[in-house]
Amino acid sequence: MKITKVKYRVIGLVVLLALLALIVYDQITLHSGLEEYRIDVVTEDFSVQNINLAAAPHAVYLAGGWFLELTGGDTMVDNVILNGAIDGVEVIDLASSKPFIVSDVMPIEGGGVIEDLRLTGRSVLHMNISYTASGISKQFSEDIRLHDKFKPNNEVTTGGYKIYELRRR
C-alpha cells in the first residue's frame with residue numbers, strides 16, 4: 001500500500017511541475033516586450049519617412065503618420081505605388097495618382113494591425129515602389145533588414161507618444 005501512495009505523490013508532483021512550467025511559458029510568451037522598427041526609404045526623387053512597425057509576439061502594427069517628401073530635382077511626382085512585404089505577407093500597400101510637388105509633404109494617416117506575423121532578427125521588408133517623375137516612369141526596389149532598423153527601448157518609451165500593447169481579444 002505504501003507503493004501506491006508514493007505513486008500518487010509522484011504523479012501529483014509531475015502534474016504540478018507541468019502546470020507550473022506551462023504557466024511560466026505562457027507568461028513569457030504573452031508578456032514579451034514590444035519591439036519597434038523605424039524605416040526610411042530614399043529613392044532618387046523622393047523619400048518615404050517615418051515608417052514605424054511595432055511588433056508584438058502575435059501581430060505587427062503599422063503606425064500611421066509616415067509621409068512622402070520630394071528630395072530629388074524633379075518638381076512633381078505622381079502615380080506612386082508602394083508595396084512592402086515581410087515573409088510574403090503584405091504590410092504596406094499604397095497607391096496614389098494625386099501629384100505632389102516640391103513644397104508638398106504627403107502624410108499617410110492610416111495604419112493597421114497585421115495578425116499572425118512574427119518578426120525575427122532575420123525578417124526582411126521587401127519594398128517595391130513605382131512612380132512617375134516629370135512624366136518618366138521609374139521603379140525602385142530595396143530589401144530592408146529589420147534588424148538594422150530596430151529602435152532601442154529608450155527611444156520607444158520616450159518621444160512624446162505611446163505605443164499600446166497589442167493583445168488578442
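The structure is a predicted model, in which local features need pLDDT of at least 70 and side-chain atom pairs count only at pLDDT 80 or more, while totals for chains, interfaces and linings use all residues. Residues are numbered from 1 along each chain as its sequence is written, and side-chain values use heavy atoms, with hydrogens and water left out.

**Exercise 1.** Find which strands pair with strand 10, and in which sense they run.

Solution. Start from the terms: strands are DSSP runs of E with at least two residues, numbered from the N terminus, and two strands pair if DSSP finds at least two bridges between them. Strand 10 covers residues 124-133. Strand 5 (residues 76-86) runs antiparallel to strand 10 and is joined to it by eight bridges, with valine 77 standing opposite alanine 133. Strand 11 (residues 136-145) also pairs with strand 10 in the antiparallel sense, over 10 bridges, and here isoleucine 129 stands opposite phenylalanine 140. The hairpin of strand 10 and strand 11 has two residues between the strands, and in it serine 134 takes a positive phi near 50 degrees.

**Exercise 2.** Decide whether threonine 132 is buried or exposed, and list what it touches.

Solution. Buried means under 20% relative accessible area, exposed over 50%, and partly exposed in between, with a 1.4 Å probe and protein chains only. Threonine 132 has 12% relative accessibility and therefore counts as buried. In strand 10 as a whole, seven of the 10 residues are buried, so the strand is largely enclosed by the rest of the structure. Leaving aside residues up to four places away in sequence, threonine 132 touches (heavy atoms within 4.5 Å) Met76, Val77, Asp78, Asn79 and Ser137. The C-alpha atoms of threonine 132 and asparagine 79 are separated by 5.8 Å, although these residues lie 53 residues apart along the chain.

**Exercise 3.** Describe the aromatic pairs and where their members lie.

Solution. Rings of Phe, Tyr and Trp (its six-membered ring) pair if their centres lie within 6.5 Å; planes under 30 degrees apart count as stacked, over 60 as edge-to-face and the rest as tilted. The count by this rule is two aromatic pairs. Tyrosine 37 and phenylalanine 150 are edge-to-face, at 5.7 Å centre to centre and 65 degrees between the planes. Tyrosine 37 lies in strand 1 and phenylalanine 150 in strand 12, so this pair ties together parts 113 residues apart in sequence. Phenylalanine 46 and tyrosine 131 are also edge-to-face, at 4.9 Å and 80 degrees, linking strand 2 to strand 10.

Methods. Helices (H or I, at least four residues) and strands (E, at least two) are DSSP runs, numbered from the N terminus.
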